[in-house]
Amino acid sequence: GKCGALEEARAVFARLNRRNVFSWTILIGAYAQHGEGKEAVLLFEEMEMEGVVPNKVTFVTILSTYVSQFDLVEGKRTHSRIVALGLESDVFVGTALVNMYG
């Protein structure tokens, strides 16, 4: 089932010598796509604590989890981070923000 696949993905991720924004985003996206938004958010927070800077795809992914969880507070906090990184004008990020606020 999907939980087994997520656990396997998490195990592979844990064995990576170097975790970069791409590996983090793939794992966050997998959890988000399988309806595990809370875990996706926790992974996003862990990624940031490890000093990995999110990219446009990471932000689009995490903003969609806020929509599904109706978590506008975290969404606004993430929006501030997007602005600080200068990514707000990106079409995909902007669309994700409109969807979140919409």
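Colleague: What is the relative accessible area of arginine 81, and how should I read such a value?

Modeller: Arginine 81 has a relative accessible area of 29% and is partly exposed, a class that lies between buried (under 20% relative accessible area) and exposed (over 50%), computed with a 1.4 Å probe on protein chains only. This is a predicted model, in which local features need pLDDT of at least 70 and side-chain atom pairs count only at pLDDT 80 or more, whereas totals for chains, interfaces and linings use all residues. Residues are numbered from 1 along each chain as its sequence is written, and side-chain values use heavy atoms, with hydrogens and water left out.

Colleague: Which residue forms a salt bridge with arginine 81?

Modeller: A salt bridge is a side-chain nitrogen of Lys or Arg within 4 Å of a carboxyl oxygen of Asp or Glu. Here the partner of arginine 81 is glutamate 48, with the closest N and O atoms 2.5 Å apart. Arginine 81 belongs to helix H5 (residues 72–84) and glutamate 48 to helix H3, so the pair ties together parts 33 residues apart in sequence. Helices (H or I, at least four residues), like strands (E, at least two), are DSSP runs numbered from the N terminus.

Colleague: How many salt bridges does a search of the whole structure find?

Modeller: The search finds five. One of them joins glutamate 39 to arginine 10, whose closest N and O atoms are 2.8 Å apart. Since glutamate 39 lies in helix H3 (residues 37–49) and arginine 10 in helix H1 (residues 2–15), this pair ties together parts that are 29 residues apart in sequence. Glutamate 39 is partly exposed at 24% relative accessibility, and arginine 10 is also partly exposed, at 28%.
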